[in-house]
Amino acid sequence: MVPQPVIDRCTCFDRTFAEIKAAMPESTTTLEAITKRFGCGGDCGICRPYLAQMLKTGETVFTEILIREDLEPPAPRCTGSQDSKKCARG
Ligand code: FES
């Protein structure tokens, strides 16, 4: 039997989805707001489908690989040579 994956966090920022959900204001309704506040979703972007699903359903632990092609990838990180309006600081 193949073990199911358990996906419960943004590994880039080492924050569980449960921590994020508990800390975010109830008025938070967008992925961009989560990224702005916690950083999560703004680095590799792998957690973005899970954060979007958390916003939609309230779930914080996932056992399926989620792929959302409708989500924009995160803005590339600024390296100093890029137009700062097109990249994220951090
Ligand atoms: S896992 Fe969340 S930005 Fe990489």
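Helices here are DSSP runs of H or I with at least four residues, and they are numbered from the N terminus. The exercises below concern a predicted model.

**Exercise 1. State which residue follows α3, and describe its phi.**

Solution. Helix α3 covers residues 48-57. Gly58 comes after α3, and its phi is positive, near 85°.

**Exercise 2. List the elements of the chain in order from the N terminus.**

Solution. Begin with the inventory: the chain has three helices and two strands. Read from the N terminus, these elements run β-β-α-α-α.

**Exercise 3. Determine which elements supply the largest nonpolar core, and which gives the largest share.**

Solution. Step one: the core has 10 residues, namely Cys10, Phe17, Ile20, Leu31, Ile34, Cys40, Cys47, Tyr50, Leu51 and Met54. Step two: α1, α2 and α3 each give two or more residues to this core. Step three: the largest share, three residues, is that of α3. Step four: compare the buried residues of α3, which are Arg48, Pro49, Tyr50, Leu51 and Met54. The buried residues of α3 pack against α1 (17-23) and α2 (31-38). For the chain as a whole, 18% of the 90 residues count as buried.

**Exercise 4. Decide whether Phe17 is buried or exposed, and trace its contacts.**

Solution. Step one: Phe17 belongs to helix α1. Step two: burial requires 20 or more other C-beta atoms within 10 Å. Phe17 has 23 C-beta neighbours inside 10 Å and therefore counts as buried. Step three: with neighbours within four places in sequence left aside, Phe17 contacts Asp8, Arg9, Tyr50, Leu51, Met54 and Thr60. Step four: turn to one of these partners, Tyr50. Not counting residues up to four places away in sequence, Tyr50 touches Ile7, Phe17, Phe62 and Leu66. Step five: a further pair is Phe17 and Val61, 44 residues apart along the chain, with C-alpha atoms separated by 7.4 Å. Step six: across the chain, 40% of the contacts with a separation of 6 or more join residues 24 or more positions apart.

Technical notes: Residues numbered from 1 in each chain as written. Predicted model: local features only at pLDDT ≥ 70, side-chain atom pairs only at ≥ 80, totals over all residues. Buried ≥ 20, exposed ≤ 12 C-beta atoms within 10 Å, placed from the backbone. Contact = placed C-beta atoms within 7 Å. Core = buried A, V, L, I, M, F, W, Y, C linked by C-beta atoms within 7 Å.
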